[in-house]
Amino acid sequence: MQQVQETLTIITRPKSIVDITAEVGRVVQSSGVETGLCVAFVRHTSASLIIQENADPTVLADLERWMSELVPENRRWAHDAEGPDDMPAHARCAITKTSETIPIRGGRLALGTWQGLYLWEHRAHAHRRNIVVHVMGI
Amino acid sequence: MQQVQETLTIITRPKSIVDITAEVGRVVQSSGVETGLCVAFVRHTSASLIIQENADPTVLADLERWMSELVPENRRWAHDAEGPDDMPAHARCAITKTSETIPIRGGRLALGTWQGLYLWEHRAHAHRRNIVVHVMGI
Amino acid sequence: MQQVQETLTIITRPKSIVDITAEVGRVVQSSGVETGLCVAFVRHTSASLIIQENADPTVLADLERWMSELVPENRRWAHDAEGPDDMPAHARCAITKTSETIPIRGGRLALGTWQGLYLWEHRAHAHRRNIVVHVMGI
């Protein structure tokens with residue numbers, strides 16, 4: 001059993017959902033692990049991970065729109081010193097994922113045909129986001 | 001340290017929540033792993049996993065009803081080519097889980113007394129769903 | 001590759017969000033694992049885990065308030081035998097996490113500067129909650 005750990009840096013645009021499947025897949029492939037687990041972990045509390053459909057970009061637009069209504073900025077938040085988009089970003093993280101775990105099979109992420117791994121930037125400004133990718137297996 | 005990976009196929013009914021604890025537990029037991037981790041991963045973007053109470057079936061009925069109001073079908077979704085239940089299914093997946101990780105203890109899933117592992121079919125039609133179960137440990 | 005598994009018992013206050021970062025970090029440090037994965041798993045269906053900002057306590061107060069509106073107690077729930085806060089607790093668990101997986105780096109949890117690991121008590125009474133911590137690595 002072996003393991004590899006690497007940190008990816010992703011530059012996001014405001015309130016965007018960025019496909020990071022290829023970057024994470026590259027860590028798996030360069031690790032040489034054929035069968036195992038891959039964990040992606042976001043080191044932030046205002047950006048998060050989701051696994052979503054990779055075919056139609058309107059899915060991601062719908063998600064952002066729906067989420068902005070589920071967690072409205074114009075609500076009376078006590079934590080507002082960092083701007084109206086900050087506390088909603090924390091709430092969005094609470095109901096999406098800080099980490100995703102994906103099995104590795106045949107040296108690749110065992111994602112379904114229509115699955116992609118996405119980083120969701122919840123803030124209204126661009127950010128540098130760090131994601132630790134940990135691969136474990138044989 | 002050893003690992004076993006197996007793919008389960010579950011036939012779902014429309015908008016149902018299916019108990020898969022026994023099927024996943026069987027993979028753990030046949031692996032011979034005494035102490036370790038078990039990951040279940042759904043290879044779809046319109047069905048997801050939850051860990052929930054296994055005692056009273058009305059819990060699952062309440063969950064489906066509440067979720068159908070949290071993510072309404074009659075909202076104006078841009079992604080609607082696959083039917084009114086498709087985009088809500090993606091949104092439900094974003095806030096539930098694509099994978100669950102459960103420790104293994106004494107050769108069994110270390111679930112609490114009232115915990116079961118469930119596959120949630122979010123589409124309005126029956127589907128064949130594939131779940132990769134990965135067991136790692138000693 | 002080695003592994004360590006330990007069960008933590010946390011006494012919660014009603015509807016509180018408890019920082020368990022130090023307790024889980026202690027398991028990692030005493031395991032001697034330098035590089036690997038740490039999984040925390042709650043063995044209950046009415047308390048869950050989140051990773052959140054650790055700087056300003058109003059973040060946690062805002063989260064509890066927002067969540068209590070997202071999953072109202074005064075909704076018509078079919079499962080109500082254990083009190084009005086019980087079914088909402090199950091629904092809150094469905095959209096937060098039963099487990100969190102955190103990479104280990106340099107013998108410590110690879111959390112970002114502002115990240116803490118929290119146990120969220122969703123019931124209106126204090127409880128003893130068991131969390132299995134599983135550490136795997138080298």
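**Entry 1: second largest pocket**

I looked up the second largest pocket and found about 260 Å³ of space in it. The model I am reading is a predicted one. I counted 15 residues in the lining of the second largest pocket. Nearest its centre lie A:H44, A:T45, A:S46, C:E53 and C:W114. I then sorted the lining residues of this pocket by kind: one is nonpolar, eight are polar and six are charged. Two elements of chain A, α3 (86-95) and β8 (128-137), each supply at least two residues of that lining.

**Entry 2: largest pocket**

I turned to the largest pocket, whose volume is about 300 Å³. Its lining is made of 17 residues. Which residues lie nearest the centre of the largest pocket? I noted A:W114, B:H44, B:T45, B:S46 and B:R129. In chain B, α3 (86-95) and β8 (128-137) each give at least two residues to the lining of the largest pocket. By kind, I listed two nonpolar, nine polar and six charged residues in the lining of the largest pocket.

**Entry 3: chain B against chain C**

I next went to the contact between chain B and chain C. It takes 35 residues from chain B and 33 residues from chain C. I wrote down a buried area of about 2800 Å² between the two chains, 59% of which is given by carbon and sulfur atoms. On the chain B side, the residues losing the most area to chain C are B:D62, B:W66 and B:R105. Together these three make up 22% of what that side buries.

**Entry 4: links across the interface**

How many salt bridges does the rule find across the interface of chain B and chain C? I found one. C:R75 forms a salt bridge with B:E69, and their closest N and O atoms are 2.9 Å apart. I also looked up polar contacts across the interface of chain B and chain C, and the rule finds 18 residue pairs, both residues being at pLDDT 80 or more.

**Entry 5: the side of chain B that touches chain C**

I asked which elements of chain B each supply at least two residues of the side that touches chain C. They are β3 (36-42), β4 (47-53), α2 (58-70), β5 (99-105) and β8. The largest share of this side comes from α2(B), with nine residues. Sorted by kind, the residues of the side of chain B that touches chain C are 18 nonpolar, nine polar and eight charged.

Conventions:
Residues numbered from 1 in each chain as written. Chains lettered and ligands numbered in written order. Predicted model: local features only at pLDDT ≥ 70, side-chain atom pairs only at ≥ 80, totals over all residues. Heavy atoms only, no water. 1 Å grid on protein atoms, 1.4 Å probe; cavity = no way out; pocket = protein on both sides within 12 Å on 5 of 7 lines; lining within 4 Å. Points joined across faces, edges and corners; volume = space filled by probe spheres on them. Helix = DSSP H or I, 4+ residues; strand = E, 2+ residues; numbered from the N terminus. Nonpolar A, V, L, I, M, F, W, Y, C, P; charged D, E, K, R; others polar. Contact = heavy atoms within 4.5 Å. Buried area = accessible area lost by both parts, 1.4 Å probe. Salt bridge = Lys/Arg side-chain N within 4 Å of Asp/Glu carboxyl O. Polar contact = N/O pair within 3.5 Å; in protein donor to acceptor, adjacent residues only side chain to side chain.
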